[in-house]
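Here is a short briefing to read beside the sequence and the 3D view. Take it one topic at a time, and keep the structure open as you go.

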Amino acid sequence: MLTRRDIFPLMTGAACLGTAGLGAAPRALAAASLAPRPLVFAHRGASALRPEHTLASYAKAIADGADYIEPDLVPTRDGVLVARHESNIAGTTDVATRPEFAARRRTLTIDGTAETGWFTTDFTLAELKTLRARERLPAIRPHNTRYDGHFDIPTFEEVIDFVAAESAARGRVIGLIPEIKNSTHFHALGHTPEETFLRAIAAHDYTRYAPLEVQSFETGNLKMLRGRVQAINPQARLMFLLGERTDRVPDLMAAGAPTTFGDLMTPDGLKQVRAYAEIIGPSNTDLIPRDASGAWQAPTTLIDDAHRAGLLVHSYTCRPENRFLPRQLRNNAGDDARNPEGSVAEIRRYLDMGLDGFFTDDPALGRRAVDS
């Protein structure tokens, strides 16, 4: 039986306490009240330990204590949402070894960047299901390559069913934090991923009540989804993901606007974001920048500024290998070596700044950082 104790850790202070009066709250109180228990988001599953966006990766993340698992969503040619970090599947499947699909390799421009490979929008779901998942970072995570070929590409609906089954088996609520990828690009190709997404969450009982947080790097689809997602799941929230400060926001760029992500990280910009989202998702280097050597510099005020605007902050991405850690926390085992103590120390530093939740490739370490 699910109890209030099961559900409460998955709720943040904004859900429990509201966001009124945050600007007047003392710094220490604001950090404590916004997130009584910061949330651990499994970034593409437990992607440090299993190939990303496979049911195995999500299963490992859940077993290791993640509060939410993250399926990034892209459409197939026949409009089915599948879990891949991007439409280009060259690096995460065995498509390059399949002679029957060799002619489909091409170059596409997505959000202003040209990419060459194989794209989900050129494959039907039935065709994609013939492919097998592979480790994206084989040189850094060679232990994951033993699972190459074991798993297929799951659909969003399969992920929902899987998480619902895990929740029932484990007796605890497991949240979903899907990202709707490259909305402007897919609309230009004739797809409507937001409408497909809404139909999917409405069709499943689990996604009508489980914790749900919807992410996007674009403003237009968040504005369109606001209210419609909550009509299906009243506790659902929307997160505006923040790219590099100098990068232009994709949908605004397509409309000719010069707005950068950095413009929306200012106090005035954050107030604009609050009109269509409850949360921002900055990179960890927007919380504490790094110099050219990878060393931490002075922290920014982004968390405090967001809290004053009534926004929660869920940052990305904590990874356990030395090469991804700030220089101060790396050990001498080599760039590709796992460094669990360094990863936990990094997470704790952000939590001390008042961070409300974070994405991690290794949810067991995230759980350790929060619970200890």
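Helix H4 buries Ala56, Ser57, Tyr58, Ala61 and Ile62, where buried means under 20% relative accessible area, exposed over 50% and partly exposed in between, for a 1.4 Å probe and protein chains only. Helices (H or I, at least four residues) and strands (E, at least two) are DSSP runs, numbered from the N terminus. Please bear in mind that this is a predicted model, in which local features need pLDDT of at least 70 and side-chain atom pairs count only at pLDDT 80 or more, while totals for chains, interfaces and linings use all residues. Residues are numbered from 1 along each chain as its sequence is written, and side-chain values use heavy atoms, with hydrogens and water left out.

- The cover over the buried residues of H4 includes S1, strand S2 (68-69), strand S4 (81-83), H6 and H16; contact here means heavy atoms within 4.5 Å.
- Gly65 follows H4 and has a positive phi, near 100°.

**The loop between S1 and H4**

- His53 sits in the loop between S1 and H4, and it has a positive phi of about 55° although it is not a glycine.
- With a relative accessible area of 0%, His53 is buried.
- Thr54 belongs to the loop between S1 and H4 as well, and it counts as buried because its relative accessibility is 0%.
- Leaving aside neighbours within four places in sequence, Thr54 touches Arg84, Ala133, Phe151 and Asp152.

**Helix H16 and its partner H15**

- In helix H16 (residues 363-371), the buried residues are Pro363, Leu365, Gly366, Arg367, Ala369 and Val370.
- These buried residues pack against strand S1 (39-42), helix H4 (55-63), helix H15 (340-352) and strand S13 (357-360).
- Two packed helices are described by the angle between their axes and the distance between the axes.
- For H15 and H16, the angle is about 50° and the axes lie 9 Å apart; axes are lines fitted to C-alpha atoms, for helices over the stretch in contact, and angles run from 0 to 180 degrees between N-to-C directions.
- H15 is therefore oblique to H16, given that angles under 35 degrees count as roughly parallel, over 145 as roughly antiparallel, 65 to 115 as roughly perpendicular and the rest as oblique.
- On the H15 side, the contact is made by Pro340, Glu341, Ser343, Val344, Ile347, Arg348 and Leu351, and on the H16 side by Leu365, Gly366, Arg368, Ala369 and Val370.
- The residues of this contact of H15 with H16 divide into seven nonpolar, two polar and three charged; Ala, Val, Leu, Ile, Met, Phe, Trp, Tyr, Cys and Pro count as nonpolar, Asp, Glu, Lys and Arg as charged, and the others, Gly among them, as polar.

**Helices H6 and H8**

- The axes of H6 and helix H8 (residues 193-203) come within 10 Å and cross at roughly 30°, so the two helices are roughly parallel to each other.
- The crossing of H6 past H8 is right-handed.
- Phe156, Glu157 and Ile160 of H6 meet Phe197, Ala200 and Ile201 of H8.
- That contact of H6 with H8 has five nonpolar residues, no polar and one charged.

**Nonpolar cores**

- The largest nonpolar core has 65 residues, and those with the most contacts inside it are Ile69, Phe197, Val229, Phe240, Ile280 and Leu287; such a core is a set of buried Ala, Val, Leu, Ile, Met, Phe, Trp, Tyr and Cys residues joined through side-chain atoms within 4.5 Å.
- Helix H6 (residues 156-170) gives the largest share of this core, five residues.
- Another core, of twelve residues, lies apart from it, with Val82, Phe101, Trp118 and Leu128 among its members.

**Other backbone and loop details**

- Asp111 lies in the loop between strand S5 (106-110) and strand S6 (113-117), and its phi is positive, near 50°, in a residue other than glycine.
- With a relative accessible area of 29%, Asp111 is partly exposed.
- The peptide bond from Tyr316 to Thr317 is cis, with omega near -15°, and Thr317 lies in strand S12 (residues 312-318).

Conventions:
A crossing is left-handed if the near helix is turned anticlockwise from the far one by less than a right angle, and right-handed if clockwise.
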